[in-house]
Amino acid sequence: MSQACTLAVVVDAPQHSALREALSYLSDTAWPAGTLVQVPLGRRMVCGIVWPAAAGDPEPGVELRPVAAALDTLAPLPPHWCNLVSFAAGYYQRSVGEVALGAVPPELRRLDNKQLALRLKRLARLTPPGGAAPVWPDPTPEQAAALRAWREAGTQPALLFGSTGSGKTEVYLRAVADTLAAGRQALVLVPEINLTPQLEQRFAERFPDRLIVSLHSGLTPAQRLRHWLAAHLGQADIVLGTRMAVFTPLPRPGLIVVDEEHDPSYKSQEGARYSARDLAVYRGRLEQCPVLLASATPSLESWHQAERGRYVRLSMPTRIGGGVLPTVKFIDLNHVPRAAAHHEALTPPLLAALGQRLERGEQSLVLLNRRGYAPVLHCLECGWKSGCPHCSAWRVFHRSDRSLRCHHCGYTERVPRACPDCGNADIRPVGRGTERLEEQLAEALPGARVARIDADTTRAKGALEAELGRMHAGEVDILVGTQMVAKGHDFRGVTLVAVVNPDAALFSSDFRAGERLFALLMQAAGRAGRDAAQAARSEVLVQTWHPAHPLYQALRTHDYEAFAASQLAERAMAGLPPHAHLALVRAEGRTQEGAQAWLQAAADLAGVPQGVTLYPPVPMSLQRVANIERAQMLVEAASRPVLQRFLADWVPALHGLRGDHKGLVRWAVDVDPLAI
DNA sequence: AGCACGCCGACT
DNA sequence: GTCGGCGTGCTC
């Protein structure tokens, strides 16, 4: 057989291997870029993708091997898809192959042409469910204005800034309708899997004769492949998914929506640490299609872009149906009796407010961002605390199964009867989590039906739906939960949202903690009074030692814009994003010194240009996890291009740094990190 | 990452 | 005498 040409092929090689670029293979057919192929790599056969760019020069003396098979019954991945992947790989400093193969359903990698043909045939069974003709409510004047402005914006990204309950979803449902009418596909990103079913439902009602598919990690491998194929082949008109869906190949893209665009879940925290929101914006520019970012509390990055005129801002300040935003009140912990303030989550004013709801038959939501019974156990005799032997963290006391659990490495033991150090029987829980709060509420308000939703109660499949169902059915009076319940769920009967004590975020070393707290509280406030009739007596109660804090004052007046302005001013002063651009280099090793030594060696390799600052290596705030020591080094740059140029020169050189750093386990670069 | 090869301890 | 520990090195 003649081997007519050489092809550039990317394979799934991790960043740590030397294989950063495409490899060269021989082929008798000039398969077009985007074709999936099977190629020999070392002693195994792997899935690769024919790549548009030229391959790196093979090492001299390497004999090229032939492509073993091509999955040519599948339409090649479109050129723009390859461009998006190449960009993401370059921007986030990963190999193209890792990003490319990571963006393809795992199931697809294993199929040959024959198996694929079978799946493609079965695809025909995916059809729109049909159903009653949809009811499109008349847009409010605000929604109509937002849509007009959006249509005029063309392909310029738009930031839909609408308060909770202003009907943002209605706006992007209309935008999707426009897109479908023009014969294009719409991609809608949501931050969490939990939020896909209800949104899918809503889309299905509006577009009964269109095929809607979802893409997220909760699907079975077969479902994921089927949905991905439906999108890639243009059969699906609407793709709804989590961050991974930003890479869905679409033959006729017409709109990308990023719902709750401020949500940190859009930033991947492992592997290639990409931001799906930022990639969505890039993809929009690449494919000349509009991008709609929606939030009641936009990320400061997006808000900044809108302020600079890069994004079109569509504002919708008014709640639909005349609903007003709930009153925000503060319980000043300085003014409640000292013992109550320090030892009880439930102050008299909070209990009174909850009692009032009980009498009126209304529901309450109590938020506490800490699961378990108590974050730590403490021996009153010798001072022992329930530290994790493998991590620099406390193990959390879970009363339900009487366990001490490390939330970082998973190390779990039964709670000791007595102090393991001194044998004293008096060991006590310190602080409180949702379990304890649930218990205290039940004690303080006998007869109240108290329920709890957090990662522990919703582990089982369908458990979250079941609990939400009970809440909606009015079978629960008080729902205790972590931020999980603050997101997206529409609780009609809730007239009180209480936040037990969110002060820690005010003084956190994480520069985004304030932004996150504000978004969480605004979102939580949005849970109350969705029903206009109850809006007037709906309130948010925040227990705090610092009621005068500017963040809380902005919350009181629901004034995101004032909050954003003050935060942006602070960030400018401190040289933080979006006014500066950051990257973190992280190293993990057997010892802290070893991890830092590797970072120092990396720093010594860098030719630091004008506009870039390299800070010294420091231990990470969570210094040790599962007996691995972690350190990091901050890179700060005045602009994105300066940072990108620096990283492009520097990071590839770090691969050759292994040698005399024996204890080093791994290292990685995090571009645009969420926390430093 | 896989998956080799490679050189030193307790077992059929 | 082998089975196997995971150190280090390569993959077009």
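Me: What makes a residue part of the lining of the largest cavity?
Reply: A cavity is a set of points on a 1 Å grid over the protein atoms alone where a 1.4 Å probe fits but cannot get out, and lining residues have an atom within 4 Å of a point. Ser163, Thr164, Ala296, Leu325, Met522, Ala525, Gly526 and His558 meet this for the largest cavity. This is a predicted model, in which local features need pLDDT of at least 70, side-chain atom pairs count only at pLDDT 80 or more, and totals for linings, chains and interfaces use all residues. Residues are numbered from 1 along each chain as its sequence is written, and side-chain values use heavy atoms, without hydrogens and water.

Me: How many residues of domain 1 are in contact with domain 2?
Reply: Contact means heavy atoms within 4.5 Å, and 26 residues of domain 1 meet 24 residues of domain 2 in this way.

Me: What is the count of salt bridges between domain 1 and domain 2?
Reply: A salt bridge needs a side-chain nitrogen of Lys or Arg within 4 Å of a carboxyl oxygen of Asp or Glu. The count between domain 1 and domain 2 is zero.

Me: What area do domain 1 and domain 2 bury between them?
Reply: Buried area is the accessible area (1.4 Å probe) that two parts lose on being put together, summed over both. For domain 1 and domain 2 this is about 2,100 Å², with 78% of it on carbon and sulfur atoms.

Conventions. Chains lettered and ligands numbered in written order. 1 Å grid on protein atoms, 1.4 Å probe; cavity = no way out; pocket = protein on both sides within 12 Å on 5 of 7 lines; lining within 4 Å.
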